[in-house]
Amino acid sequence: MTAGDAFDGGGGEPHEAGLDPKALARLDQHFAHLVDDGRLPGYLVSVSRHGRVAHLTTYGCRDREAGLPVETDTLWRMYSMTKPVTSVGALMLLEEGRLRLDDPVADFLPSFADPQVYVDGSGPDARTRPAAQPILVRHLLTQTAGLTFGFYHSHPVDALYREAGLESSVPPGADLAETCEAYARLPLQFEPGTQWNYSVATNVLSRVIEVASGQDLDAFLAERIFAPLGMKDAGFFVTDEQEDRLAELYGEDDEGGIKPIVGLPLHGRPRCVSGSGGMVATAHDYHRFMELLRLRGELDGTRLLKPETVDLMVSNHLPGNADRRTFGSPVHREPTNAGLGFGLGVSVVVDPEITLSPAGQGAYGWSGVASTTFWVDPANDVTVQFLTQVRPTSSHSIFRELKRLVQEAVLD
């Protein structure tokens with residue numbers, strides 16, 4: 001049975017895959033309550049075990065105001081769930097010898113040849129020093145390059161990003177190359193490789209892919225990943241034919257409910273194709289990608305990566321097997337990062353005993369800002385995705401509850 005068959009109703013019963021139907025019913029009830037209570041518009045959740053989609057639920061609306069339901073072919077803004085896909089693209093180039101993990105980024109993007117590290121001060125009075133080592137490709141993949149996001153408010157370099165027009169990560173009207181030039185003009189928060197800081201690094205990696213491959217990022221991913229895997233709806237904008245299937249984007253309001261908000265402009269190819277957060281896809285599309293990882297680089301006879309390359313991707317690359325709470329920059333030292341390391345584009349569970357969310361040793365995945373998430377749990381041979389479209393005003397417990405409820409469903 002292929003992944004496509006599963007999403008067309010051929011997944012079988014939960015108990016046949018070693019999953020508890022009663023626990024999965026509790027999962028559905030929990031999230032249906034959030035929809036009925038006005039905190040989510042609708043959602044899709046799929047739970048697979050041993051490659052079989054044993055639980056697939058849609059509930060609520062993809063567009064609440066229009067009364068359009070969530071369906072299995074609904075299109076979702078994946079936001080940062082784009083990053084693992086982009087990372088696979090980079091690893092394909094690594095296998096082809098077009099880049100190496102220890103290549104300086106400046107070999108591809110000369111504007112990064114003289115990185116400066118923040119010392120002290122703020123605004124125009126900020127002092128910097130030359131970095132002691134170059135930014136490497138591995139630093140981009142592991143989010144240890146010293147780059148940041150402008151929407152953080154925890155470090156003077158964050159403010160410099162905002163002053164440079166980078167609060168939303170991309171300067172207005174800029175393409176990917178121009179965007180990376182803007183990053184290169186700003187100081188790093190820290191010496192490359194010495195801390196973990198979630199950042200614009202995957203946009204820089206996207207531009208490295210373009211230079212190394214000689215193709216625009218969207219063309220490269222379409223040719224090398226989307227088409228071979230049968231991710232037929234995945235892309236960086238929606239066509240006229242797809243538009244009706246695109247879920248509305250919501251944000252939280254002051255009363256604990258949600259309201260429609262403006263999302264990524266998805267009608268027509270964007271000027272800046274963001275491998276950090278620009279992908280649109282269906283649950284079927286992302287299931288195909290998850291299965292590629294679960295099966296260590298090959299799906300339905302199509303191999304994109306060697307098994308050992310996938311193993312490298314989903315291993316913790318933080319020094320000394322550290323987690324993100326101890327190796328992270330100050331903004332990331334909260335308890336939610338306890339027990340979680342980072343691989344090449346994905347989070348990795350390194351100590352299940354201290355994580356706030358139940359998970360198997362070595363489970364890996366990532367989430368998106370519109371409350372989407374996925375993970376692959378090799379210890380239990382489980383893959384999960386949860387798709388909705390709500391940008392929260394602060395962190396919430398959706399993912400923790402989802403992981404707890406899934407873990408309760410695993411019978412053996």
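Reply: Happy to! Please keep in mind that this is a predicted model.

Let's start with the helix itself. Helix α8 runs over residues 217–229, which makes 13 residues. From its first C-alpha to its last, α8 reaches 17 Å, close to the 18 Å expected at 1.5 Å a residue. Just past the end of α8 comes Gly-230, with a positive phi of about 75°.

Now for the side of α8 that is hidden away. Its buried residues are Leu-217, Asp-218, Phe-220, Leu-221, Arg-224, Ile-225, Phe-226 and Leu-229. As for partners, the buried residues of α8 pack against α3 (82–95), α7 (201–213), α9 and β10 (298–299).

Arg-294 and Glu-291 form a salt bridge, with the closest N and O atoms 2.9 Å apart. Because these two are three residues apart in helix α9 (residues 283–294), about one helical turn separates them. Both Arg-294 and Glu-291 are buried.

The strand β10 (298–299) is another partner of α8, and Glu-298 joins Arg-303 in a salt bridge of 2.9 Å, N to O. Glu-298 counts as partly exposed because its relative accessibility is 30%, and Arg-303 is partly exposed too, at 40%.

Elsewhere, Arg-64 makes a salt bridge with Glu-65, where the closest N and O atoms are 3.6 Å apart. Arg-64 has 32% relative accessibility, so it counts as partly exposed; Glu-65, with a relative accessible area of 48%, is partly exposed as well. There is also a network of salt bridges that links Arg-26, Glu-401, Arg-404 and Glu-408. Over the whole structure, the search finds 24 salt bridges.

Finally, a stop at a loop. Ile-354 lies between β13 (347–349) and β14 (364–368), and at 35% relative accessibility it is partly exposed. Beyond its neighbours within four places in sequence, Ile-354 is in contact with Asp-323, Arg-325, Ala-338 and Gly-339. Phe-112 is 242 residues away from Ile-354 along the chain, and 38 Å separates their C-alpha atoms.

Key. Residues are numbered from 1 along each chain as its sequence is written. This is a predicted model: local features need pLDDT of at least 70, side-chain atom pairs count only at pLDDT 80 or more; totals for chains, interfaces and linings use all residues. Side-chain values use heavy atoms; hydrogens and water are left out. Helices (H or I, at least four residues) and strands (E, at least two) are DSSP runs, numbered from the N terminus. Buried means under 20% relative accessible area, exposed over 50%, partly exposed in between (1.4 Å probe, protein chains only). Contact means heavy atoms within 4.5 Å. A salt bridge is a side-chain nitrogen of Lys or Arg within 4 Å of a carboxyl oxygen of Asp or Glu. The expected span of a helix is 1.5 Å times one less than its number of residues.
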